Amino acid sequence: MAQQFALTSRIKLANGLSMPRIHLGVYLTSGQETSNAVQWALEAGYRAFDSAQMYRNEKEVGSTLLNFLSSKENTSSLKREDVHFTSKLASNSSYDAARKSIKQSVKQCGLGYIDLFLLHSPYGGKAARLASWKAVEDAIDQGEVKTGGVSNFGVKHLQELLASKPRILPAVNQIEVHPFNTRTKITDFCREHDIVVEAYAPLVRALRMKHPIISSLSEKYSCTPAQLLVRWSLQHGYVPLPKSVTKDRIVKNGDVSGFEIEAKDMEEMDGLDEYLVTDWDPVDAD
């Protein structure tokens with residue numbers, strides 16, 4: 001019996017809260033394109049949406065969520081607390097700049113609070129990272145944010161944050177991770193410290209969809225290459241953020257309950273690691 005990973009499945013976080021196992025990514029989308037993708041995802045059963053200040057689409061995501069919740073399409077009678085919105089701090093600088101920036105994101109999305117707020121990268125240096133984290137802690141205390149985390153943090157950045165004895169620990173590290181960049185040092189460290197790994201670019205930005213092993217395993221499991229990659233991520237315990245602006249693909253990317261990748265096939269996919277970076281790679285930043 002395949003382990004069920006429905007769009008309504010949730011994962012427990014170290015702070016006692018939980019979040020959905022699959023989130024829609026909205027990186028490099030804007031305007032009506034963003035709104036359409038979020039609307040189609042909601043109709044397909046998605047409950048979580050990954051935005052950022054740098055994406056400049058917090059407003060579109062938030063307004064589409066609110067419109068859906070009050071519409072007749074909301075056949076499950078979802079409330080605000082049933083959907084999950086993530087945003088990220090564009091840059092680490094001072095405490096005051098970060099606090100102001102977080103408040104602006106809450107205002108932009110219009111949702112009343114942000115479910116998950118991340119430091120988008122480790123850039124800026126140690127002092128800026130720790131000051132920005134303190135701003136996240138205070139935003140949580142003020143009810144502006146439910147859960148805090150980081151993104152693109154390497155092991156040394158995570159060690160630095162934990163060594164600073166923060167009042168609130170990071171619950172999430174969002175990194176690029178897929179079979180072609182497995183980042184085992186970071187993922188192992190996160191597992192040891194009860195930090196959930198969110199996998200961005202889980203579909204490898206479509207750069208390896210025709211790889212012979214991906215093709216043959218997709219055929220074996222009667223799924224699309226994208227479904228195979230999402231399932232690989234879930235079976236590793238990660239939270240994948242598949243991104244699409246196509247209705248059919250959005251639906252298919254979230255429909256991964258009908259099969260389970262066998263252990264030997266998971267190992268074969270793990271062996272595809274070539275440290276393929278599809279975007280930026282700040283994990284070694286000073």
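These notebook entries record what I looked up in a predicted model.

**Basis.** I number residues from 1 along each chain as its sequence is written, and side-chain values use heavy atoms, with hydrogens and water left out. Because the model is predicted, local features need pLDDT of at least 70 and side-chain atom pairs count only at pLDDT 80 or more, while totals for chains, interfaces and linings use all residues.

**Sheet.** I looked up the strand order and found an open sheet of eight strands, β3-β4-β5-β6-β7-β8-β9-β10, with parallel pairing. Strands (E, at least two residues) and helices (H or I, at least four) are DSSP runs, numbered from the N terminus. Two strands pair if DSSP finds at least two bridges between them. The edges are β3 (24-25) and β10 (239-240); each has a single partner strand, so one side of each lacks a neighbour in the sheet. I then examined β6 (residues 114-119) and β7 (residues 145-151), which run parallel and are joined by five bridges. Phe117 stands opposite Gly148 in β7.

**Helix α3.** I checked the length of α3 (residues 95-109). Its 15 residues should span 21 Å, and the end C-alpha atoms are 21 Å apart, which agrees; the expected span is 1.5 Å times one less than the number of residues. I list as buried (under 20% relative accessible area, with exposed over 50% and partly exposed in between; 1.4 Å probe, protein chains only) the residues Ala98, Arg99, Ile102, Ser105, Val106 and Cys109. They cover an arc of only 120° around the axis, which puts them on the same side of α3; the arc is that of the directions from the helix axis to the C-beta atoms. On the other side, Asp96, Lys100 and Lys107 are exposed. The buried residues of α3 pack against α2 (58-69), β5 (84-89), β6, α4 (126-141) and β7, where contact means heavy atoms within 4.5 Å. Gly110 follows α3 and has a positive phi, near 70°.

**Gln174.** I located Gln174 in strand β8 (residues 172-176). Its relative accessibility is 1%, so Gln174 counts as buried. The Gln174 side chain makes a polar contact with that of Glu198 at 2.8 Å. A polar contact is a pair of N or O atoms within 3.5 Å; within protein, one must be able to donate a hydrogen and the other to accept it, and residues adjacent in sequence count only if both atoms are side-chain atoms.

**Cysteines.** I searched the whole structure for disulfides (cysteine sulfur pairs within 2.5 Å) and found zero. Cys109 is buried at 2% relative accessible area, and Cys190 is buried at 0%.
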